[in-house]
Structure formats: C-alpha cells, structure tokens
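Hi everyone, thanks for coming. I'd like to walk you through one model today, so please take a look at the screen.

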Amino acid sequence: MQCYSRGYSTVFLILMMAVLMIFSSSTIFLISTRTKKDVRMRVIYSARAVAEAAIDRTIWKMKGNIANCPSGAIAYNDFSDGSANVMVENLGSKIRINACGISRGEKRKIEVIVVNLMPNELQNAITSFSSVKLLPGKIKWGHLYSSGDVFFDGDMAEAITNDIQVYSSGRGYFSDNKKLNPDDYRRFTNLHFGGDFEDSFDILSDFPGRHSLFYDALNWNVLKEKARKSGSYFRGTIPRDLFLALNQEEKIIFVDTIDGKEFSQNNFSNRASVVIDEPVFQRGCLIVLGDLKFKGSGSGKVYAENYQTGEHRFLEGVFFSGFIHCAGRFSSDGNGKFFGSIFASSFENGQLPEVWYDTGLKYQPIPCFSEVAAIDSWREINTEQTQK
C-alpha cells in the first residue's frame, strides 16, 4: 500500500510540475509579448512627441512673421529621442505644417493648420486700398502701403524721411500731377512703385494683390467673441454714451455690419458708420466694418519711442493707441494723433492722419491677443497609408 501511495504521489508531483512549467512558459511568453508591445507603444508615443515638438518649434520660429513665412522643408536632428522632417506650406491667411517624427525606426506624422492672427497690414503705419496724399510730417517711422498712386504734397524731402518706406502698386506724383522720374527714385531710395516701369524696384509678383486677401487674414469670429466678452461688440455704430463709458483699458472694439452679416464693398446699405466727435482716448484694437470718422482732438498722452533709433517723444492729443481696421472710408478732422497702425479701404480725399507708428508693434501680436498664431486644426496621418 505504501508503494502505491508513493507512486501516486510521484505521478501527482510530476503532473503538478508539468502544469507549473506550462503556466510559467505561458506567463513568460505573455510578459515578453506585452513588454515588446509596451516598448513599441512607447516608441510610437516618442515619435509622435517628436513630431509635435517639431511643430511647436516651427510655430515659435514664425512668431511675429507668420504672414511672410516661406513654404519649404525644415529638418530637426537635435531631438534627444529622434528627428523630424517638417514641410511648411504658406496658404496666405493660413499655414499648413506637416511634421514626420522619427524615433527608433517608428514614424508618426501630424498635420496642423495655423491661423495667422497678425496680418501684414499691422506692420505698416498706414495701409490703403486707394490712392493717398502724403503731406510732410504725417507718418512718423513705420511704412506706408497704397494699392493706388501716392501724391506728395509740399516738400518731398520733408515728406519722405529715411524712417519711412513707401510701397505702392501704382505710381508716384508731385502735387501738380508731375510724375516722379528715375532721378527721384535714385534720390529717394525708400520709394517703391510697382506700377512704374522706370522704378528699379523689383516688386514681388503677388505684391499688388496681396492685400485683397486681408479680409480672410483676420479671424473675425475670434475677434467678435473677444469683443462680446468684454462688452465692446456693436452693430452698425457705437452709441455715444456707450463709447464714452469705455475706459482706457486695452480691449477689442468690434463694430459689425448693421445686420451682422458678412461685409461687402458693394453693399453700402449694410455698412457700419462710426463718428467719434469727443476728445477720447482708447487703447487696443478697433475694427469697423464700414466707415470711421474722428473729429476734433484726442485726449490721450503716449510715450512714443522708436526702438530702432532710440528716438522718443511724449505725445498729447492722441485718439487711439493700437491697431485700427476700417473696412470702408476713414477720415480724421482736426489735429488728433494716432499711435500704432491704421488700415483703411480708402481715406477721405486721400488725406492721411498723423500716425506715430509703434516700431515695437510689428514684433508683437494684435493688441489684446496673447499669441500671434492659433492652431485651427490638428490631425494625425496614418504613416502606413502614406507609404503605400
């Protein structure tokens, strides 16, 4: 009986050992498989992180200059976990960035669309869709861009200082309608007229029409929403009592069309009309989808400094400090000043206001924005599909 018991015990032990060995091998196999899977997932995440880092770095490089960012390829080989190949495509008001992150043989590709919140026009003291008259002392520092002709009134030497660059898709004329000649262009090297073959300025092929994209360049919905939150969104006009109630705190003031529908240059009945006839002073961003008129003098005081030359001055009688966008006709009577930049479809009688351009403005986002660019869309692209 004892022999049989020992036999059974031996068989049982052998069976138990076999079961344990099978279980152990299965566990080791599962752990090994899972470990390999976890390692691969970590590598995939690493490749994705490298792609996102490359996008972040590319956007950072474009800050302040996204509108002029050229299309092209960028390679980043200094990431600790891998490398990335980036393709940038300038779509005008938007930038498409494709980044392929590579880490330990794995590839992950991400595509983002970046919206430009700071248009080219913000980098000019004055931008006009129409012809303008440039009187001496009207533009301090900054640039002037005109889609039409530029008429110089008075002494040209006083009207055109070295701090001002004049860009025009038309031609340049003296006040007596005498056209500038090649000697004038050589004398004033800061004059650039794309509509005059006698000017040696090598104008970009898309320069005359690049401002036609302006209405698509600003993200109107973002601006409207910010204005609504600050209580400074209006339709058609700004009631006098509400405008006077606005303090000098930097904000976005948005005056929409009368019915809130899309602005059109051909629909005059829907245009907003804003007349400011009080000695007020406001900071930030003023957008009027229609006509804008300032009367009299401003009441603000601004410390103006040219960061490039170090020249500085205290200004008095300032209407507005920041960025003004007038989709219709802009006019300014009296001796009020503006500090920042002004864009208008046209200026009444071609007369320009006195603008002291903030030379630090072109390196900053639109007033009231903390960023120059915003990511409009993000998606991951299947690299396996792209390889097929």
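Let's start with a question: which backbone oxygen lies 3.2 Å from a polar atom of the side chain of Gln 282? It belongs to Glu 249. For a polar contact, we take a pair of N or O atoms within 3.5 Å; within protein, one must be able to donate a hydrogen and the other to accept it, and residues adjacent in sequence count only if both atoms are side-chain atoms.

Before I go on, a word on the source: this is a predicted model, where local features need pLDDT of at least 70, side-chain atom pairs count only at pLDDT 80 or more, and totals for chains, interfaces and linings use all residues. Residues are numbered from 1 along each chain as its sequence is written, and side-chain values use heavy atoms, with hydrogens and water left out.

Back to Gln 282, which is found in strand β16, residues 282-288. Strands here are DSSP runs of E, at least two residues, and helices are runs of H or I, at least four, numbered from the N terminus. With 3% relative accessibility, Gln 282 counts as buried; that word means under 20% relative accessible area, while exposed is over 50% and partly exposed is in between, using a 1.4 Å probe and protein chains only. Leaving aside residues up to four places away in sequence, Gln 282 touches several residues, including Leu 246, Ile 253 and Phe 319. Contact means heavy atoms within 4.5 Å.

Now to the rings. Searching the whole structure gives 12 aromatic pairs. Rings of Phe, Tyr and Trp (its six-membered ring) pair if their centres lie within 6.5 Å; planes under 30 degrees apart are stacked, over 60 edge-to-face, and the rest tilted. Phe 151 and Tyr 173 are a stacked pair, 5.3 Å centre to centre with 20° between the planes. Phe 151 lies in strand β9 and Tyr 173 in strand β11, so this pair ties together parts 22 residues apart in sequence. Phe 151 is partly exposed at 23%, whereas Tyr 173 is buried at 17%.

Zooming out, the chain has seven helices and 22 strands, and 46% of its 388 residues count as buried.
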